[in-house]
Amino acid sequence: MKPTVLLFNPRAAKSKPRLPNSVLSVAASIEGKYPWVIVDGNMELDPWPKLLAQLQTGKVRYFGCTVMPGPQLKQAIPFTRRIRELFPEVVIIWGGYFPSNQYEVVLDSGIVDVVVNGPGDIAFPKLLDAIEYGSIEPESIGNIIFRKGKFPQRKTLEQNQASLQTQTDSLYFISKKDELYDQDELPALPYKKLNEFYSLQKYLGKTYLGTKTIAYHSSIGCPFTCSFCAVVPIYNARWKAKSAKHIYDDIKYLKENFGGDAIEFHDNNFFVSEKRTVEFASLIKPEKMTWWGEGRIDTIDKYSDESLYRMREAGCKMIFFGAETGNDSVLKQMDKGGTQTGKQIREFAARIRKFDIIPEYSFVLGFPGKTEEQVWKQIREDVSFIRQIKEINPQTEIIIYTYSPVPTPGSEMYAAVLASGFRFPKTLDEWIDPHWENFDLRKNPLTPWLTPEMIDYIRNFETVLNGYFPTVSDIRLSPIQSRAMRTISSFRYKNEFYKFPFEIKALQKIWKYRQPEVEGF
């Protein structure tokens, strides 16, 4: 009898659970090969009793955990540690952005055996076969990382371990990257079986877009190399997408069987191909669904007016864009790639307004500078630029992050980060310190060039901005509350007086104002 694989999706948000697409794709890869179960931390008050119950059956031999930086670490780390202590025979495999970008601290912890470094659709089932049967040499498996001499083979291939030890002086074996897989050829996600563990209806929550919103991934990767993006080290400027027809078929299934009426495309860059976007718009239009996705300004600005019109007619209501900054030299330093400029960011905000598509612009403030004065200058320029965008198109949703370094060796910006003395935590326990959780949410950067006064200035401006222009995506905020908050914030915003906005913060706390960059729609 084959061993069971226990897949865990740690809690990522306080409310509104989304379909766990990452662990679902792993489950799809082993469907019919190994039995599997899913425990979703977003659907459990405390997932540990359910994890423990599965482990105590004696059937579980593999524990797979997806881990994003930030909130997911608060369950992933302590639960993985308990499993290692109580069930040392269980092989522990982590995947996701955090272990891929921070594999040294993950593997050095001793509680994780293997990291899946990128897509696991092919790597994961091969990895299980290599461990379970010794039929595959581990170095032949793409997209994995492990400590040399520590590969957890049940049927040890001693010659493999010896060869791995002598390859280099490095402590880690990092296998080659697989070519990105044809997304249409991958097995369908097992929605029906997920529904046996958790009611799939509960994953389709009420949002700004609709009453039952589907979370969906239609592509992986991104063809650009922004130096602040965690996707870059994993996908190396590669992008692969499902066809428009494939997306439509999946969405249609979820609509007809579970009542989905809106879509959040969680792709890193949904709009790379204008042809695919327009084809999908044509297919989905009769379904009368609203949808949202992430894209680049310099990509969608090349779309024809006809394409943008067809997208809106087909339900595209809002698009998230990484504007980042209005400073062209900083955009270049960020390795933003493409042709995006401050001038284009302004002009596009005006252009997209004609189509009644809400642009959601994110800005990253607090980039490293040579002097404190230079950092201050850039922060104030970005604040001024954001105000210009709101004058051009008041409907523009503004999301503000503070710059959090991402390990992108070779980039000019990461070199400046290291030169400043910044270092990532050296242990997993440090990563679940509350300060580092906020770091991963890009709210508390812990970077040496940002003073407390700078952080206060950014946060206070954000508070006043959100007060004067409350987000339309907070569906709990009534029109009366929105108008009241705008009235109270009016003097501050118009006079650029941002210090100590206690009255606005009090209202936002009382009314539980929802920031989309933290809690989603």
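Predicted model: local features only at pLDDT ≥ 70, side-chain atom pairs only at ≥ 80, totals over all residues.

Trainee: Helix 6 covers residues 123-133. How many of its eleven residues are buried?

Mentor: Eight of the eleven are buried, and helix 6 is thus described as mostly covered. The buried residues are Ala123, Phe124, Pro125, Leu127, Leu128, Ala130, Ile131 and Glu132.

Trainee: What covers the buried residues of helix 6?

Mentor: The covering elements include helix 1 (21-30) and several strands: strand 1 (4-9), strand 3 (60-66), strand 4 (91-95), strand 5 (114-116) and strand 6 (144-147).

Trainee: Where does glutamate 324 lie, and where does aspartate 356 lie?

Mentor: Glutamate 324 belongs to strand 13, residues 316-324. Aspartate 356 is found in the loop between helix 15 (342-353) and strand 14 (358-365).

Trainee: Is glutamate 324 buried or exposed?

Mentor: The test is relative accessible area, and a residue under 20% is called buried. Glutamate 324 has 4% relative accessibility, so it counts as buried. Aspartate 356, with a relative accessible area of 40%, is partly exposed.

Trainee: How does one describe the packing of two helices?

Mentor: Helix 15 and helix 16 (residues 372-392) pack at an angle of about 25 degrees, with their axes 9 Å apart. This angle makes helix 15 roughly parallel to helix 16, since angles under 35 degrees are classed in that way. The crossing of the two helices is right-handed.

Trainee: Which residues make the contact of helix 15 with helix 16?

Mentor: Helix 15 contributes Gly342, Ile345, Arg346, Ala349, Ala350 and Arg353, while helix 16 contributes Phe385, Gln388, Ile389 and Ile392. By class, this contact has six nonpolar, two polar and two charged residues. For reading such lists, recall that an α-helix has 3.6 residues a turn, so residues three or four places apart point the same way.

Trainee: At what angle do helix 2 and helix 3 pack?

Mentor: Helix 2 (residues 48-55) and helix 3 (residues 73-86) pack at about 30 degrees, and their axes are 12 Å apart. They are therefore roughly parallel to each other. Helix 2 passes helix 3 in a right-handed crossing. The contact involves Trp48, Leu51 and Leu55 of helix 2, together with Phe79, Arg82, Ile83 and Leu86 of helix 3. Its residues comprise six nonpolar, no polar and one charged.

Trainee: How many aromatic pairs does the structure hold?

Mentor: The structure holds 34 aromatic pairs. One of them joins tyrosine 253 and phenylalanine 258, with ring centres 6.1 Å apart and 70 degrees between the planes. That pair is edge-to-face, because the angle is over 60 degrees. Tyrosine 253 is partly exposed, at 31% relative accessible area, whereas phenylalanine 258 is buried, at 10%.

Trainee: Which residues do ring pairs link into a cluster?

Mentor: The cluster consists of Tyr216, Phe265, Phe270, Phe271, Phe280 and Trp291.

Conventions. Residues numbered from 1 in each chain as written. Heavy atoms only, no water. Helix = DSSP H or I, 4+ residues; strand = E, 2+ residues; numbered from the N terminus. Buried < 20%, exposed > 50% of the residue type's maximum accessible area, 1.4 Å probe, protein only. Axes fitted to C-alpha atoms, helices over the stretch in contact; angles between N-to-C directions. Parallel < 35°, antiparallel > 145°, perpendicular 65-115°, else oblique. Left-handed = near helix turned anticlockwise from the far one by under 90°. Contact = heavy atoms within 4.5 Å. Nonpolar A, V, L, I, M, F, W, Y, C, P; charged D, E, K, R; others polar. Phe/Tyr/Trp six-rings, centres within 6.5 Å; stacked < 30°, edge-to-face > 60°.
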